[in-house]
Amino acid sequence: MKIKHYWVNTFIIQNDKVKIAIDPGQNLYLFKLRTLLPKSEWSSITHILVTHGDPDHYWQADRVAEAAKAPIICGKNLVKQVGSETLLLGPRSRGIQYSTRVEEVYPLDVGEVVDLKEFQVKGLKAVHGHMKLKLCFGLIKLEIKTGPGERIGLGGIGFEIKIGGKVIVNLGDTLLQKEWEGLKPDVLMIPIGGRVVKNTMGEEEALEAVKIISPKKVIPCHYNCGALWIRKLNPADDEMFKTEVEKMGIECIIMKDGDEILV
């Protein structure tokens, strides 16, 4: 089985039966605006997993689904029943508008399992933190809160994916949650870039998460990403993180944009 990483939280998990895309979002850095999942990958995707409705995770989800005729698996709050139609939160709409039609969608709650024959997905608790931003050379401070009626972090959920005799966990954007204790996956994809912005775990919280989850391999993600004119909105020291993870006797793999590994 192959795992490929396309920065932020965009991953592909692929074996000889399926090609799963996680969080096909948009690069929000003004000097490199593009889809995080290259268009050359779109038509061959078999399933799409979405951790929440932020544009860097969700912007291209419906377009990939249309190109590939692939189902979307996502948190239940990204989906709304309107009459006889099941509609998704509009990936590029302003505010909270359930306006997007897709052929097949599986809304998932924490603890629920979707069996897709070739693999299973279980919903894990994920809590998106408030975003604390410093703009204009640090002179303007802005806090964007999450919660009812707010778009940021909407539909937040993590995934425990059982595929080909392996267990892969992707946590999306989240703060540390004690409910993850004892998951023990083969691979853990974990955000580490929340030290400054606070929307996810920073390095120290992520290390605590690794301790309680006890994975075999760790892939840090969602850090040192550009947004607007800021080249590294959510900075993290991945080498320090790797060193500390390896002190626990756990393998840590730093993946750059386009890197792939076999598991």
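I began with E246, which is partly exposed, its relative accessible area being 38%. The model I am reading is predicted.

**Entry 1: the pair within α6.** I looked up the partner of E246 and found K242; the two side chains form a salt bridge with an N to O distance of 2.9 Å. Both residues belong to helix α6 and stand 4 residues apart, about one turn of the helix. I then checked K242, which is partly exposed at a relative accessible area of 23%.

**Entry 2: the buried side of α6.** Which residues of α6 are buried? For the helix, residues 238-247, I recorded D238, F241 and V245. Viewed down the axis of α6, these buried residues fall within an arc of 60°, so they line one face of the helix. I next asked what covers the buried residues of α6. The cover includes β18 (187-191), α5 (203-213), β19 (217-221) and β21 (251-252).

**Entry 3: the ends of α6.** At the N-terminal end I found D237 as the cap, with a side-chain oxygen 3.3 Å from the backbone nitrogen of E239. After the helix comes G249, and I noted its positive phi, near 80°.

**Entry 4: salt bridges in the whole structure.** How many salt bridges does a search of the whole structure find? The search returns 17. I examined K2 and E260, whose closest N and O atoms are 3.8 Å apart in a salt bridge. This pair links distant parts of the chain: K2 lies in strand β1 (residues 2-5) and E260 in strand β22 (residues 260-262), 258 residues apart. K2 has 25% relative accessibility and therefore counts as partly exposed. E260 is likewise recorded as partly exposed, with a relative accessible area of 43%. I also found K2 and E260 in a network of salt bridges that links them with K4, K19 and E41.

**Entry 5: E85 and R101.** I looked up a further salt bridge, in which the side chains of E85 and R101 meet at 2.7 Å, N to O. This pair also links distant parts of the chain, with E85 in strand β9 (residues 85-89) and R101 in strand β10 (residues 98-101), 16 residues apart. Is R101 buried or exposed? I find R101 exposed, with a relative accessible area of 57%. E85, at 31% relative accessibility, counts as partly exposed.

Methods
Residues are numbered from 1 along each chain as its sequence is written. This is a predicted model: local features need pLDDT of at least 70, side-chain atom pairs count only at pLDDT 80 or more; totals for chains, interfaces and linings use all residues. Side-chain values use heavy atoms; hydrogens and water are left out. Buried means under 20% relative accessible area, exposed over 50%, partly exposed in between (1.4 Å probe, protein chains only). Helices (H or I, at least four residues) and strands (E, at least two) are DSSP runs, numbered from the N terminus. The arc is that of the directions from the helix axis to the C-beta atoms. Contact means heavy atoms within 4.5 Å. A polar contact is a pair of N or O atoms within 3.5 Å; within protein, one must be able to donate a hydrogen and the other to accept it, and residues adjacent in sequence count only if both atoms are side-chain atoms. A salt bridge is a side-chain nitrogen of Lys or Arg within 4 Å of a carboxyl oxygen of Asp or Glu.
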